[in-house]
Amino acid sequence: MPSDYAKSLGARLRAIRTQQGLSLHGVEEKSRGRWKAVVVGSYERGDRAVTVQKLAELADFYGVPVSELLPGGSAPSPLGPTPKLVIDLERLAQLPKEKAGALARYAATIQSQRGDYNGKVLSIRQEDLRSLAVIYDKSPTELTEELITWGVLDAEARRAVESF
């Protein structure tokens with residue numbers, strides 16, 4: 001039976017992984033097999049003890065300080081997954097080019113890079129929203145409100161901007 005500490009540590013590991021948009025399999029792929037999905041999953045469930053050395057290596061892999069992973073302190077980042085920013089591509093296609101052309105080109109570039117051509121929706125990262133805000137000469141909050149008004153983003157996107 002995992003201890004409460006092991007469960008808390010695991011929850012923090014899972015939160016960091018999901019904030020980065022990685023599945024367990026994605027961790028294995030991104031690490032080129034260094035971190036096996038089954039091992040990371042067992043750390044996250046608290047079923048397997050993680051050594052200090054492994055914890056430091058995982059923190060390095062995720063690009064976060066070890067302190068972010070340790071339970072008991074207050075973490076500067078949220079523990080739940082970051083709300084998703086999902087662009088409605090079908091709605092975007094209906095908007096005039098003079099209004100949404102930059103967003104459409106940006107979304108097409110992301111789709112091309114990811115090989116993601118489902119054509120209905122596209123998840124973007126907070127960094128993408130920041131870049132788009134610069135392109136539109138607005139703050140991320142202002143742009144989010146405009147995209148919600150256009151029907152391209154769901155109102156839930158406001159929560160993602162609040163975590164900036």
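Q: In this predicted model, a nonpolar core is a set of buried Ala, Val, Leu, Ile, Met, Phe, Trp, Tyr and Cys residues joined through side-chain atoms within 4.5 Å. Which residues have the most contacts inside the largest nonpolar core?
A: The largest nonpolar core comprises 24 residues. At least two residues of this core come from each of S1 (85–88), H5 (89–94), H6 (97–114), S2 (121–124), H7 (126–135), H8 (140–150) and H9 (157–162). Within the core, the residues with the most contacts are Ile87, Leu92 and Leu103.

Q: How many residues does the second, separate core have?
A: Apart from the largest core, with its 24 residues, the model holds a second, separate one. Its members include Ile16, Trp35, Phe61 and Leu69. The number of residues in this second core is 17.

Q: Which residues does Leu103 touch, not counting residues up to four places away in sequence?
A: Leu103 is among the residues with the most contacts inside the largest core. Once residues up to four places away in sequence are set aside, the residues touched by Leu103 are Ile87, Leu92, Leu132, Tyr136, Leu147 and Val152.

Q: Which residue in S2 stands opposite Asp88?
A: S1 and S2 pair in the antiparallel sense, over four bridges. S2 has a covered face, made of Leu122 and Ile124, and an uncovered face, made of Val121 and Ser123. The residue of S2 that stands opposite Asp88 is Val121.

Q: Is Leu143 buried or exposed?
A: Leu143 is found in helix H8. Leaving aside neighbours within four places in sequence, Leu143 is in contact with Leu129, Leu132, Ala133, Tyr136 and Lys138. Because its relative accessibility is 0%, Leu143 counts as buried.

Q: What distance separates the C-alpha atoms of Leu143 and Arg130?
A: Leu143 belongs to helix H8. Along the chain, Leu143 and Arg130 are 13 residues apart. Their C-alpha atoms are separated by 9.1 Å.

Q: Is Glu44 buried or exposed?
A: Glu44 lies in helix H3, residues 37–45. Not counting residues up to four places away in sequence, Glu44 touches Gly10, Ala11, Leu13, Arg14, Arg17, Leu24 and Tyr62. Since its relative accessible area is 2%, Glu44 is buried.

Q: What distance separates the C-alpha atoms of Glu44 and Gly101?
A: Glu44 has its place in helix H3. Gly101 is 57 residues apart from Glu44 along the chain. The separation of their C-alpha atoms is 42 Å.

Q: What is the phi of Arg32, which is not a glycine?
A: Arg32 is placed in the loop between helix H2 (24–30) and H3. Arg32 is exposed because its relative accessible area is 79%. Although Arg32 is not a glycine, its phi is positive, at about 55 degrees.

Q: Is Asp137 buried or exposed?
A: Asp137 is located in the loop between H7 and H8. Its phi is positive, about 55 degrees, although Asp137 is not a glycine. Because its relative accessibility is 71%, Asp137 counts as exposed.

Note on methods
Residues are numbered from 1 along each chain as its sequence is written. This is a predicted model: local features need pLDDT of at least 70, side-chain atom pairs count only at pLDDT 80 or more; totals for chains, interfaces and linings use all residues. Side-chain values use heavy atoms; hydrogens and water are left out. Buried means under 20% relative accessible area, exposed over 50%, partly exposed in between (1.4 Å probe, protein chains only). Contact means heavy atoms within 4.5 Å. Two strands pair if DSSP finds at least two bridges between them.
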